[in-house]
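Here's a quick tour of some strand pairing in the model below. Have a look at it first, then read on.

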Amino acid sequence: MNNFAIQTLQPFGAVVVDTTGHGDLQSIAQDQIFEWLREYKVLVFRGFEIMPKQDFALYGQQLGEPLQWPFGAINDLKVKPDAENYIFTDHAVPLHWDGAFAGKIPHVILFQCIVAPDKADLGGTTFVDTAGILAQATPAQLAAWQQIEITYSTEKIVHYGGKIHQKLVAPHVVDQVPVMRFAEPVDDLNPVKLEVHGLQGQTQADFISELQGLMYDPTHMYVHRWESGDIAMADNHLLLHGREAFKNPHERYIQRINVLHRPKPSFLRMLKHSMTIRRKEFFVAELPIFLIPLLLCVQSWADLAQPALWIGLAALTLLFNIGDIINCLTDYELDAIYKSHLSNAVYELGKRNVKIQMAVSVILALALTVWASVLSDRLYLVPVTILGLLIGLQYSAKPFKFKSRGLWQLLCLWGIIFFGPMGYAAVVVNGLPSGLLWGIFAAYGIHQMGIIMLNTAEDYTEDKAAGLRTSIIYLGLHRAMRLAFAMVVIAGLALQVLFAIRFWELEAASFWEASILIFTVGWAKICWEYWAILQKMQGKNEEDATKVLKKNGMKVPEWLKIGAYTTLAVVVALFAKTVLKL
């Protein structure tokens with residue numbers, strides 16, 4: 001502590017100065033940080049080393065659970081020419097609290113100032129002590145405020161939006177002291193409208209004007225004038241914050257992380273994080289990987305009664321989990337920025353705990369596979385599973401690390417996510433499938449991989465900076481996306497042809513064959529939207545083209561579901577013809 005000097009600010013706040021000029025913020029105990037934050041409400045650290053983005057994200061994780069936004073954990077607060085929200089302009093930002101429209105209110109707002117504006121150009125961040133306002137309010141004001149509820153509404157254009165209802169006076173989520181939740185109306189890009197309920201003898205305009213008068217009073221407001229290198233923290237429950245308008249917009253660049261309060265460890269929280277590292281959000285897309293080969297290979301109801309089938313599918317589920325777990329573990333630091341929920345899950349569980357879960361899953365998956373292979377008299381399942389498991393483990397881990405091996409990444413993902421598991425499921429149902437079914441599995445995997453490549457391409461800039469050599473980086477962004485689109489088009493056509501052949505083999509009536517049109521409609525929608533994205537990328541440099549992909553990345557889960565469930569619809573028709581004899 002000898003290297004620190006604390007300078008108090010008025011009307012609240014403190015500057016913690018490292019007298020050596022090159023302090024390490026991570027050397028200060030978290031208990032000490034939170035003790036200062038409770039006492040001073042705003043902390044500014046000077047003389048400390050600015051952290052690279054990844055380190056900054058990992059440090060935020062130590063303070064609590066980083067709030068995951070569509071853009072990741074770190075919001076780059078700087079002027080953007082194509083801004084759709086006032087926070088990315090040089091305009092003033094009205095007072096508000098972070099996370100209002102997200103449904104999760106951060107405890108701490110963590111800032112890092114990369115470039116500070118000249119103090120004469122303004123651009124200070126404003127903080128209002130709402131607990132101080134409540135402490136000085138008259139009994140009549142408190143009684144009136146406690147009856148107030150406000151409805152806030154705004155269109156979702158960037159990373160927040162919708163409609164929320166909020167009491168004006170509410171308890172601090174962590175310390176339980178009363179605080180005020182108030183956001184000024186916004187008449188700018190992405191407007192925010194207010195409807196105040198519970199007013200007694202006062203107009204809405206007068207009420208808002210009264211609150212603004214109190215909040216902008218110098219006894220309750222601190223304006224922080226940034227200096228390059230400042231690292232700041234503020235209590236988002238206790239304080240409201242905003243920003244002054246400023247000149248010379250390219251001079252101001254601040255990074256921000258919203259940090260949720262981290263509850264004490266519990267079994268339910270451990271269970272939640274254990275499910276997170278198993279990527280439960282993929283289950284909807286993974287289910288057809290089991291069902292498609294299952295329904296294609298079943299010949300009678302008796303096949304579904306085989307214990308080996310269900311034991312094998314349980315083993316297959318575990319094998320999927322193992323791949324997801326090792327990916328989360330090996331990408332723990334990289335995920336801290338753009339997939340902070342995964343990184344945080346590993347952090348809270350602890351790497352040792354994650355490794356134990358992975359080892360138990362491996363042992364259990366192999367044991368179930370041996371059991372299923374003995375029951376079905378298909379012992380070749382065991383060495384094939386071990387080989388697949390080793391390849392899956394090597395996707396993210398050294399020495400091979402296939403995710404950084406150019407086109408091997410594409411082939412590896414296709415094999416371990418689609419072709420291999422679908423083949424495994426087919427074998428446990430009814431032995432080795434026909435060549436036609438292998439073709440369906442291959443085409444389905446290629447179709448879905450073409451979609452997944454858009455998701456991979458979103459990380460092009462970050463992966464390149466991290467020194468990875470993914471298939472996207474190996475091919476180049478534009479060429480890779482043209483290949484991805486071609487995969488969707490060609491594999492989709494192939495699936496339709498293969499399904500038609502299968503119906504012909506079964507001598508099915510034409511109305512059964514018409515089920516292929518379900519897939520055709522979904523496939524056409526994907527192709528049309530994919531083509532539109534490629535057109536938007538055309539002629540753009542890699543940085544701008546990546547922005548186009550990030551903006552359209554939300555289409556990937558939708559397309560994967562469309563591809564999966566329209567395929568499954570055709571397979572259900574084949575099942576009905578084969579097993580139900582309809």
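Val93 has Arg243 of strand E16 as its bridge partner. Strands here are DSSP runs (E, at least two residues), numbered from the N terminus; helices are H or I runs of at least four.

Zooming out, E6-E16-E8-E14 is the order of a four-stranded open sheet with antiparallel pairing. E6 (93-96) and E14 (221-224) sit at the edges with a single partner strand each, so one side of each has no neighbour in the sheet. From one strand to the next, the twist averages 15 degrees.

A word on provenance: this is a predicted model, where local features need pLDDT of at least 70, side-chain atom pairs count only at pLDDT 80 or more, and totals for chains, interfaces and linings use all residues. Residues are numbered from 1 along each chain as its sequence is written, and side-chain values use heavy atoms, leaving out hydrogens and water. On pLDDT (the predictor's confidence in each residue, 0 to 100), the protein chain averages 89, with 98% of residues at 70 or more.

Now for strand E17 (residues 253-260): eight of its eight residues are buried, so the rest of the structure largely encloses it. Buried means under 20% relative accessible area with a 1.4 Å probe, protein chains only.

| Strand | Bridges to E17 |
|---|---|
| E4 (residues 65-66) | two bridges |
| E5 (residues 74-77) | four bridges |
| E7 (residues 108-115) | seven bridges |

Opposite Ile254 in E17 you'll find Leu77 and also Cys113.

Definitions and conventions
Two strands pair if DSSP finds at least two bridges between them. Axes are lines fitted to C-alpha atoms, for helices over the stretch in contact, and angles run from 0 to 180 degrees between N-to-C directions. Buried means under 20% relative accessible area, exposed over 50%, partly exposed in between (1.4 Å probe, protein chains only).
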